Amino acid sequence: DKNVYTIADQQMVLKRLLFPEIFPKEEQFNLKQEDYKLIYHYMSMFPNESRKPTYNAPDYYPAYCKFLFYGADSLTTINPDIRIFNKVGDSYGYDIDNAYIVDFKNHVEFLLTVVIQSNEDGIYNDNKYEYKTVCLPFMKNIGQLI
């Protein structure tokens with residue numbers, strides 16, 4: 001049971017961070033309003049928006065770590081009406097994105113968590129995974145579809 005952080009737990013943390021008012025006081029994080037504001041700011045920030053530290057292209061492009069909706073595509077154009085508050089992970093052929101996606105123009109918002117695995121050769125720890133050809137395109141497409 002080491003290194004286990006279940007999807008249900010990840011989703012619950014995201015919900016408690018984003019919507020603390022829907023939880024009883026004893027289930028809320030002990031954070032001040034300014035703490036929440038800081039968390040929301042950094043969770044939704046694109047790398048090029050960061051001033052300290054700075055994240056420069058080409059290594060850090062706007063959609064970096066925005067798997068859902070953008071597929072972490074270095075060539076994508078960011079939609080200014082959409083904000084994604086998320087936490088991503090990738091390891092051993094698995095990609096995960098636990099996100100709250102908001103379309104301010106169309107007044108649409110939703111929570112979505114996706115995990116996908118790519119390991120065509122079935123060998124772990126060989127650094128041969130299909131993140132760019134399987135996982136990220138899937139994440140991009142499902143994020144836009146929903």
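Analyst: About 9,800 Å² of the protein is accessible surface, with carbon and sulfur atoms holding 54% of that (Shrake-Rupley method, 1.4 Å probe; for residues, only the protein chains shown count as cover). This is a predicted model, so local features need pLDDT of at least 70 and side-chain atom pairs pLDDT 80 or more, while totals for chains, interfaces and linings use all residues. Residues are numbered from 1 along each chain as its sequence is written, and side-chain values use heavy atoms, leaving out hydrogens and water.

Of the 146 residues, 35% are buried (under 20% relative accessible area; exposed is over 50%, partly exposed in between, 1.4 Å probe, protein chains only). From the N terminus, the elements go α-α-β-β-β-α (DSSP runs: helices are H or I, at least four residues; strands are E, at least two).

Now the core itself. The largest nonpolar core has 22 residues, and F67, L68, Y70, I82, I84, I101 and M139 touch the most other members (a core is a set of buried Ala, Val, Leu, Ile, Met, Phe, Trp, Tyr and Cys residues joined through side-chain atoms within 4.5 Å). Strand 1 (82–91), strand 2 (94–103), strand 3 (108–117) and helix 3 (131–145) each give two or more residues to this core. Zooming in on I84, its contacts (heavy atoms within 4.5 Å) include M43, L68, Y70 and I101, not counting residues up to four places away in sequence. There's also a second, separate core of eight residues, L14, L17, Y36 and V102 among them.
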